[in-house]
Amino acid sequence: MAVYFANKIPRQPGACTAVSWSGHAATSARAPAMCAVAYSSGSLGVYTEEGDDVTASRPVRSDAPGVYPCALAWHPRSPLLAVGWTDGRVALWSGTELRVSGEETSTHAGRSITCIAWSPTGHRVVTGDDAGKTQVWTVDDKLRPKPTGFRCAKPAPGARTSHVVIPNDAAVDEEGAEPDRFLFYYAVNEGLADSGYVCVGIDTAGDAGAGESKAAGGPPPPPPGGRTGLS
């Protein structure tokens, strides 16, 4: 007879705004599998399979009114958590050091992060906010987020980036690094017009003007990028 045990995570103030389960344990022995939970009270909890809060000794929280973590995504191969906040902050939390290793506040300043996603190899992370802005990031040697030169098209009033999708079949070189040309898709909803569109984003290493082009309609065009209407 199989016996299963459930470990209850300690109750925290506020509503749960995001949950993300780490997948790095299968490829990294540096840290156990963990579950990250964001709360509207302004705190972030990271828990082991036994329900232990590994952030208890070094809490991750904001005491500013209305500021809380709202988007979470674990690195696919390492114990590194990307965290988006309602004030536009993008932070990285290290599961080996059990602390915030770096954060950036100016790119999405004043706008709530609506989505966040890592590339298949973890060399880039993409964020979107509630003003329709989408940004590509790299991670430096000190595990700090660094915005690339990617620039999305100026969104219409009321727009918000709702989803980011990064193909799982991204080409990699012999050392497992992604190519200089990085492809992804993101959806933008135009709230005032009750419509939306999908963009094909291209981020090119070393190209400060890398971004997207627009397409009139139909399926997304091939690179260097495109946009197709959904309404």
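Colleague: What percentage of the residues of the protein count as buried?

Modeller: Of the 231 residues, 47% count as buried, meaning under 20% relative accessible area, with exposed over 50% and partly exposed in between (1.4 Å probe, protein chains only). This is a predicted model: local features need pLDDT of at least 70, side-chain atom pairs count only at pLDDT 80 or more, and totals for chains, interfaces and linings use all residues. Numbering starts from 1 along each chain as its sequence is written, and side-chain values use heavy atoms, with hydrogens and water left out.

Colleague: How many helices and strands does the protein have?

Modeller: 0 helices and 16 strands. These are DSSP runs numbered from the N terminus: helices are H or I, at least four residues, and strands are E, at least two.

Colleague: Which residues touch the most other members in the largest nonpolar core?

Modeller: Leu 44, Val 46, Leu 72, Leu 81 and Trp 93, out of 17 residues. A nonpolar core is a set of buried Ala, Val, Leu, Ile, Met, Phe, Trp, Tyr and Cys residues joined through side-chain atoms within 4.5 Å. Strands S2 (34-39), S3 (43-48), S5 (69-74), S6 (80-85) and S7 (90-94) each supply at least two residues of this core. Apart from it lies another core of 15 residues, including Phe 150 and Phe 182.

Colleague: What does Val 46 touch?

Modeller: Leaving out residues up to four places away in sequence, Val 46 touches Met 34, Cys 35, Ala 36, Asp 52, Asp 53, Val 54, Thr 55, Trp 74, Leu 81 and Trp 93. Contact here means heavy atoms within 4.5 Å.

Colleague: On to sheets. What is the strand order in the open sheet that includes S5?

Modeller: S5-S6-S7-S8, 4 strands with antiparallel pairing. Two strands pair if DSSP finds at least two bridges between them.

Colleague: Why is one side of S5 left without a neighbour in the sheet?

Modeller: S5 stands at an edge, as does S8 (99-104), and each has a single partner strand, so one side of each has no neighbour in the sheet. S5 and S6 pair over 5 bridges. Leu 72 has Val 83 in S6 as its bridge partner.

Colleague: And the open sheet with S9, what is its order?

Modeller: S9-S10-S11-S12, again 4 strands, antiparallel. The edge strands are S9 (113-118) and S12 (145-147), each pairing on one side only. Inside the sheet, 4 bridges join S10 (125-129) to S11 (134-139). Val 126 stands opposite Val 136 in S11.
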